Amino acid sequence: MKSSNESKLVDHLFRHQYGKMVAILSKIFGLSNLELIEDAVQDTFLKAALRWRNELPDNPEAWLTQAAKHRTIDLLRQVNATNDRHLSFNQASIDEEINDYFLDHEVADSQLRMIFVACHPSFSQEEQIAFALKAISGFSMKEIAAALLQKEETIKKRLVRARKKIKDLEITLSSPDPNQIRVRISRVLHIIYLIFNEGFHSTKADELISKDLCGEAIRLCKLLLRKEKFRTGGTYALFALMCFHSSRLESKISNSEIIDLKHQDRSKWYLPLIVLGNDALRKSIEFEDRSIYHLEAAIASEHVRAVQFENTNWLRILDYYDEMYQMIPSDHILLSKATIFLQLEKLAEAKNELNRIKPESLIQREYLFHGCYAEYFEKLGELGRAMEQIDLAIAKCSNQLEKNYLLKKKKLLDAG
């Protein structure tokens, strides 16, 4: 029987190999056969899971790659028979050609093309994310539903719609035209950003899913950066942002409890990722474009730069948020500004920002608005009103870990 760690390793390998196999087989057989391809890949993994039930192979990744090659040859025969061609196969030449498709640079190229398919303008944003997580990142329907806080049936419908559009519009696995690259890159970065956020802001007990989402977003961004034509200031800035945030993953949750930024153990922050982030942020300013990712990365940089929470340069961060609000006005940004004013003990300014916010616009994060108001009233010494806001935040919060965090704050307020 496999241990918990071994099971996680198998799940992790399957997920990453799944995306590679789907991309390669789509290049060979065309996206019109996507459903057949996904079924074949799933079948390969099912057989592997049964074989590995009692013992892992010495090199699991190589084992899966070899299985993928054999499955490709089976599919070639299947498609050939279906088309009633009855061609004779030269096994040696087929093996050689299939091996070429599985070379590292070919795999990366196929996955890059699949990223652009996922961000096709005919897909809705919801379809883009679901398609990217399934076809590129290999997440199961259940995992995607859990990550996006949706029902499995909802995710299934989105994927069905995406596959139908691929067939109806005859979308192919190809890189965008040169004159379309800048527009499509913008969409690609947005989807990678959303995938990362689903992981970084996840507080589910299953840490594998949240960390894998973050890791997958970083991997996809690295694929873009390897190609000179896809390098932009925004691409480097997004990569920097994800590195800075990922460096803090180990300190976010301890003993199934959320640890806020103020109380995180900064010695646990992963320095190599911070260094990578700093390097990417420097490269991002060498390009002409300036994006929201530049500003978010700059803010994250200020946080990881501070030796202690008290050393945080809140005024500089506030300037970045002001610039961000000019670029993309949002109630989320106003809430961040209110939080910073509270750190600076500027209560009137914090109240002014809170008054500008429509709480319902924050959707699932509305509880943060009430949590911020609770802190405002606490600083004013109005503990009764602070308690009312904490109760509202708890009522609006759907995540149990977040709710436990708020309950703990309520207990401290009550004691105060």
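The accessible surface of the chain comes to about 21,400 Å². Carbon and sulfur atoms account for 50% of that area. The model is predicted. The chain has 416 residues, and 49% of them are buried. Its secondary structure consists of 20 helices and 2 strands. Contacts were also sorted by separation along the sequence. Among those between residues at least 6 apart, 65% join residues at least 24 apart.

Two helix pairs were examined. Two packed helices are described by the angle between their axes and the distance between the axes. The pair α14 and α15 spans residues 292-305 and residues 314-327, respectively. Their axes lie 10 Å apart, at an angle of about 165°. Angles over 145 degrees count as roughly antiparallel, and α14 and α15 are therefore roughly antiparallel to each other. The crossing of α14 past α15 is left-handed. On the α14 side, the contact is made by I292, L295, E296, A298, I299, E302, H303 and R305. On the α15 side, W314, R316, I317, Y320, Y321, E323, M324 and M327 take part. By class, the residues of this contact divide into 10 nonpolar, 1 polar and 5 charged.

The second pair is α6 with α8. Helix α6 covers residues 125-136, and helix α8 covers residues 152-168. Their axes come within 9 Å and cross at roughly 90°. Angles of 65 to 115 degrees count as roughly perpendicular, so α6 is roughly perpendicular to α8. Helix α6 contributes E126, E127, A130, F131 and K134 to the contact. From α8 come I155, R158, L159, R161, A162, K165 and I166. The contact of α6 with α8 has 6 nonpolar and 6 charged residues, with no polar ones.

One residue was followed individually. E61 sits in helix α3, which runs over residues 60-82. Its relative accessibility is 37%. Buried means under 20% and exposed over 50%, so E61 counts as partly exposed. Neighbours within four places in sequence were set aside for the contacts of E61. On that basis, E61 is in contact with L13, Q17 and K20. F14 lies 47 residues from E61 along the chain. The C-alpha atoms of E61 and F14 are separated by 8.7 Å.

Notes: Residues numbered from 1 in each chain as written. Predicted model: local features only at pLDDT ≥ 70, side-chain atom pairs only at ≥ 80, totals over all residues. Heavy atoms only, no water. Axes fitted to C-alpha atoms, helices over the stretch in contact; angles between N-to-C directions. Helix = DSSP H or I, 4+ residues; strand = E, 2+ residues; numbered from the N terminus. Parallel < 35°, antiparallel > 145°, perpendicular 65-115°, else oblique. Contact = heavy atoms within 4.5 Å. Nonpolar A, V, L, I, M, F, W, Y, C, P; charged D, E, K, R; others polar. Left-handed = near helix turned anticlockwise from the far one by under 90°. Buried < 20%, exposed > 50% of the residue type's maximum accessible area, 1.4 Å probe, protein only. Areas by Shrake-Rupley, 256 points an atom, 1.4 Å probe, with all protein chains shown as cover.
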